[in-house]
There are 2 protein chains.
Amino acid sequence: MVKVAINGYGTIGKRIADAVDSQDDMEIIGVAKTRPNFEAKIAIERGYEMYAAIPEKCDDFERVGITIAGTIQDLLCKADIVIDCTPGGIGAQNKSIYEDAGVKAIFQGGEKHGVAEFSFNSACNYEDALGRDFLRVVSCNTTGLCRVLNPLDKEFGVKKARALLIRRAADPNDDKKGPINSIVPDPVTLPSHHGPDVQTVLPHINITTLAIKIPTTLMHLHVLNVVFDKKPEVYNIKAVLEKAPRIRFVSAADGITSTASIIELGRDLSRPRYDMWENCLWDESISIKDELYFFQAIHQESIVIPENIDAIRAMAELEENGQKSVIKTNKSMGII
Amino acid sequence: MVKVAINGYGTIGKRIADAVDSQDDMEIIGVAKTRPNFEAKIAIERGYEMYAAIPEKCDDFERVGITIAGTIQDLLCKADIVIDCTPGGIGAQNKSIYEDAGVKAIFQGGEKHGVAEFSFNSACNYEDALGRDFLRVVSCNTTGLCRVLNPLDKEFGVKKARALLIRRAADPNDDKKGPINSIVPDPVTLPSHHGPDVQTVLPHINITTLAIKIPTTLMHLHVLNVVFDKKPEVYNIKAVLEKAPRIRFVSAADGITSTASIIELGRDLSRPRYDMWENCLWDESISIKDELYFFQAIHQESIVIPENIDAIRAMAELEENGQKSVIKTNKSMGII
């Protein structure tokens, strides 16, 4: 059993903890948190040992009745691997304490590629991750793009990909951020960072991305436009994407007409926290007239969770074959 | 003085009435309305004679103290030209009463091209509109696309244009429509109607459009991607668009970072109803690497107003030269 520590128990950290907990070849040995809020209390209820991410704050936890098992340093001593789920930029600052503790570390997409010198997506480069000490799981948007572009590129050769990302303004639990009633080009200059980020995983893909931010919290939406070397038909595209992992087709004919109805689907499927771990790709939107277009929705809170599990498995060399790890992760999490 | 009647005094109708009122070669001889709401009262205050769009409803107006000058038929008898500003689809139903009254008619973009067999944009086809009896001013989104694509095509040859329209869900005064917190591919199938609609004005432009609907009321946002026959640089693009009418460059460096700040600009400029009649194009977004990209915001409530004024002038043959009409309209409305 690989011993996994989680540093940072927010949107991503709490989900990874639960996903690790559902595997039979790895275990959560503790989670580190800065503040003793309701999420900390639920972590305790779930049986995760709590560690103080900031040693001076141990008392804050004890004061609200949360028993602290130690500090982040204590946690790192016991771990084989730590998943850094701290806010973007903090992971880079944490790298030295992971190195000092001699523990392998996974960073999230909020960090730059340089923090680990290796950016990961399960279906794209699992085998290159085997045995690594440091690894970065790319962000939700980059993960969503890699999942579709990689299989399409392998089959038809991507000559040029263009993607517009309509980004949710904030996560559902965040009531501090805007916009509340406007459209924000973000960034106003081109390209957005997502295109170069895709190239950290798939360096040969010619891609341009743009992004805007809008008043919604549920999911991102991607509009993809891809030109290929070959001339696939719509059914060829569907056949390739149906075989690719973690892509779910949704259909307006079924009543899935918006990101709101996708989330309702997640709730009705009894998904934990209604998470949609797959790219949700609209069947009817797939269109080819010289070039491919389609819409896909990306659940920003959860899409990278299964990739983190695969990353643990690769770095700990629990499984040498990426496809097998993906199947194992999917099965344990309930991704069909 | 060309005698202008307005049929339908809502978002578009009330704006066109005021814009006609500010011209020296045309005058408002009356507006027809279905309901005696606050907008009707303000119309009376502004000195517009009120006519009942539905003859049976005259009493409703009298009851709230609004003197009715007659019915829509009475109004049409006195008019040289009627601007149909009724909700989409109603204009087509009205066409026969305009024909019976022997009055020229302008329809809005909510009607199909066939209603007038001629779709208009001031800078694209003014001269073809001279003396016509029926004309359709294309919708806000189509107007916004035509204004930029036509001059770019003339100068550099548009090989392929791709546009994604991020549409406001409803106008600011409409509190009945959604979405409130989601992203809606609208339509989910491709293309959206806007591309074919651009081709009603510019038939030779190879364009694909997609549209989504989001929770905002202020403006639409367009993301354009254009491939040219020639190879212009950013400064060439700017030079062409700076000369084209009704395009306003906005800059994030000036603090114009979203549709919300564009509207704040409209308010600070003391524009009537804060209307932004121009395409608002982000300076910093203009980017060329093989192909052009940029962001522009489109004020759905007002962008077609100056085109309606030019259309009146062309149909009444008040001015044979489109450029001169545009300059005259702009000057009278305060568009620099």
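Conventions. I number residues from 1 along each chain as its sequence is written, with chains lettered from A in the order in which they are written. The model is predicted, so I take local features only at pLDDT of at least 70 and side-chain atom pairs only at pLDDT 80 or more, while totals for interfaces use all residues, and side-chain values use heavy atoms without hydrogens and water.

Layout. I looked up the division of chain A and found domain 1 (2–138 + 304–333) and domain 2 (140–298), with bounds from an automatic or database domain assignment. Their C-alpha centres lie 26 Å apart. Domain 1 of chain A gives 24 residues to the contact and domain 2 of chain A gives 18; contact means heavy atoms within 4.5 Å.

Area. I noted about 1700 Å² buried between the two domains, 50% of it on carbon and sulfur atoms. Buried area is the accessible area (1.4 Å probe) that two parts lose on being put together, summed over both. On the domain 1 side, A:Arg15, A:Cys124 and A:Val138 lose the most, together 28% of what that side buries.

Charged pairs. I found six salt bridges across the interface, counting a side-chain nitrogen of Lys or Arg within 4 Å of a carboxyl oxygen of Asp or Glu. I also looked up A:Asp18 and A:Arg273, whose side chains form a salt bridge at 2.9 Å, N to O.

Residue classes. The domain 1 side that touches domain 2 of chain A has nine nonpolar, eight polar and seven charged residues. I counted Ala, Val, Leu, Ile, Met, Phe, Trp, Tyr, Cys and Pro as nonpolar, Asp, Glu, Lys and Arg as charged, and the others, Gly among them, as polar.
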